[in-house]
Amino acid sequence: MPIVPARPSVLHTFGFLKTRENSMIASPLRHDTDMGFTLIELMTVVVIIAILLAVAVATFMSTTASANAAACKYNQRSLNEGIAVMTSDADAPAIAAVEDVRPYVKNFNTVSKCPSDGTPLQLDAGAHSVICPNHP
Ligand SMILES: [Zn+2]
């Protein structure tokens with residue numbers, strides 16, 4: 001029977017991968033000298049990196065959301081202080097919209113919007129404070 005050389009396996013298509021023939025020859029203790037990685041080893045590393053990235057991105061998104069909520073609370077407090085000053089001013093007109101507080105609040109264009117998506121803050125029903133639809 002003629003000796004047929006082993007056909008290259010699918011793993012031969014990647015130069016950096018360990019060939020199947022070398023894997024079968026190598027000892028289970030991996031004292032072989034070839035420096036390749038098997039496809040399973042590479043896939044394991046890729047999966048681990050993907051899991052770590054998913055955790056990191058989720059943490060980053062949560063941190064951003066809590067920072068926006070805190071900034072929105074600060075904006076609401078600034079506008080509420082402006083409303084308090086305005087209501088104590090005898091010459092000030094009645095408050096009908098958030099826009100009326102503009103002369104009493106510094107940086108009104110920035111403070112009057114929710115930092116999450118730029119939604120304008122709204123007066124509550126009694127017009128004594130400002131609320132945010134995103135952060136009640
Ligand atoms: Zn908000």
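## Contacts and model

Of the contacts in the protein with a separation of 6 or more, 36% join residues 24 or more positions apart. Two residues are in contact if their C-beta atoms, placed from the backbone, lie within 7 Å. This is a predicted model: local features need pLDDT of at least 70, side-chain atom pairs count only at pLDDT 80 or more, and totals for chains, interfaces and linings use all residues. Residues are numbered from 1 along each chain as its sequence is written.

## Layout

The protein has three helices and two strands. Their order from the N terminus is α-α-α-β-β. Helices (H or I, at least four residues) and strands (E, at least two) are DSSP runs, numbered from the N terminus.

Buried residues make up 10% of the 136 residues. A buried residue has 20 or more other C-beta atoms within 10 Å of its own; an exposed one has 12 or fewer; partly exposed lies in between, with C-beta atoms placed from the backbone.

## Helix α2

Helix α2 covers residues 39-88, 50 residues in all. It reaches 74 Å from first C-alpha to last, close to the 74 Å expected at 1.5 Å a residue (1.5 Å times one less than the number of residues).

Five of the 50 residues of α2 are buried, so the helix lies largely in the open. The buried ones are N75, S78, L79, G82 and I83. Their cover includes α3 (108-111) and β2 (130-131).

## The core

The largest nonpolar core has nine residues: L79, I83, V98, V101, V105, V111, L121, V130 and C132. Such a core is a set of buried Ala, Val, Leu, Ile, Met, Phe, Trp, Tyr and Cys residues joined through C-beta atoms within 7 Å.
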